[in-house]
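Please examine the sequence and the three-dimensional structure shown here. The paragraphs that follow lead through them by way of side-chain contacts, the helix, the core and strand pairing.

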Amino acid sequence: LELTFRPQFGVQNESVASPDKGETVLLIVRDQTEEDIFIRTKKSTSMSAVFSTYVTHKREYLESIGEDYNSLRFLFNGERIGGDETPECLKLAD
């Protein structure tokens, strides 16, 4: 199962600077069923945390199709994303 990150359209506040929470970004994860999951995270958070959030939201669906969580591949612009990367190093913000 491949999941892609895509630029967001029509959603306000893509990047927000907050003194309490640090700089954040709203990520959109689109799966092969064309369903989008919106995840707001700090730009410095590892992508493995984003992956875990996605799995938490989609656990029931993944189990129903017999998909192993470890078989998920996350892509951005056709390139696989590593769990140690961050939204900031991937330039997933404005």
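**Salt bridges, helix and core**

Arg 30 has a relative accessible area of 24% and is therefore partly exposed, since the class runs between 20% and 50%. The model under discussion is predicted. Arg 30 forms a salt bridge with Glu 34, and the closest N and O atoms of that pair are 3.3 Å apart. Glu 34, with a relative accessible area of 52%, is exposed. A salt bridge also joins Arg 30 to Asp 36, where the closest N and O atoms lie 2.9 Å apart.

The whole structure holds 5 salt bridges. One of them is formed by Asp 31 and Lys 58, with 3.2 Å between the closest N and O atoms. Asp 31 belongs to the loop between β3 and β4, whereas Lys 58 belongs to helix α1, so this pair ties together parts of the chain that are 27 residues apart in sequence. Are Asp 31 and Lys 58 buried or exposed? Both residues are buried.

Lys 58 leads directly to the geometry of the helix. A kink of about 70° occurs in α1, and the kink is centred on Lys 58. Just after α1, Gly 66 adopts a positive phi of about 70°.

The burial pattern of the helix can be read residue by residue. The buried residues of α1 are Met 47, Val 50, Phe 51, Tyr 54, Val 55, Lys 58 and Leu 62. An α-helix has 3.6 residues a turn, so residues three or four places apart point the same way. Ala 49 is also found in helix α1, but its relative accessibility of 32% places Ala 49 in the partly exposed class. The C-alpha atom of Ala 49 is separated by 9.3 Å from that of Asp 84, a residue 35 positions away along the chain.

The next topic is the nonpolar core. The largest nonpolar core contains 17 residues, and the members that touch the most other members are Met 47, Tyr 54, Phe 74 and Ile 81. Which elements give two or more residues to this core? They are β3 (22-30), β4 (36-42), α1 (47-64) and β5 (73-76). The largest share comes from α1, which gives 6 residues. Met 47 and Tyr 54 are also among the buried residues of α1.

Glu 23 is found in β3 and is partly exposed, because its relative accessible area of 43% falls between the limits of 20% and 50%. The C-alpha atoms of Glu 23 and Lys 42 are 5.8 Å apart, although 19 residues separate the two along the chain. The side chain of Glu 23 makes a polar contact of 2.6 Å with the side chain of Lys 43. Lys 43 is found in the loop between β4 and α1. With a relative accessible area of 13%, Lys 43 is under the 20% limit and therefore counts as buried.

The side chain of Thr 24 makes a polar contact of 3.4 Å with the side chain of Arg 40.

The last topic is the pairing of β5, one of the elements that contribute to the core. In which sense do β5 and β6 pair? Strand β6, residues 79-80, pairs with β5 in the antiparallel sense over 2 bridges. Phe 76 stands opposite Glu 79 in β6. The two strands form a hairpin with 2 residues between them, and Asn 77 in the turn has a positive phi of about 55°.

Note on methods: Residues are numbered from 1 along each chain as its sequence is written. This is a predicted model: local features need pLDDT of at least 70, side-chain atom pairs count only at pLDDT 80 or more; totals for chains, interfaces and linings use all residues. Side-chain values use heavy atoms; hydrogens and water are left out. A nonpolar core is a set of buried Ala, Val, Leu, Ile, Met, Phe, Trp, Tyr and Cys residues joined through side-chain atoms within 4.5 Å. Buried means under 20% relative accessible area, exposed over 50%, partly exposed in between (1.4 Å probe, protein chains only). Helices (H or I, at least four residues) and strands (E, at least two) are DSSP runs, numbered from the N terminus. The bend at a residue is the angle between axes fitted to the seven residues ending there and the seven starting there. A polar contact is a pair of N or O atoms within 3.5 Å; within protein, one must be able to donate a hydrogen and the other to accept it, and residues adjacent in sequence count only if both atoms are side-chain atoms. A salt bridge is a side-chain nitrogen of Lys or Arg within 4 Å of a carboxyl oxygen of Asp or Glu. Two strands pair if DSSP finds at least two bridges between them.
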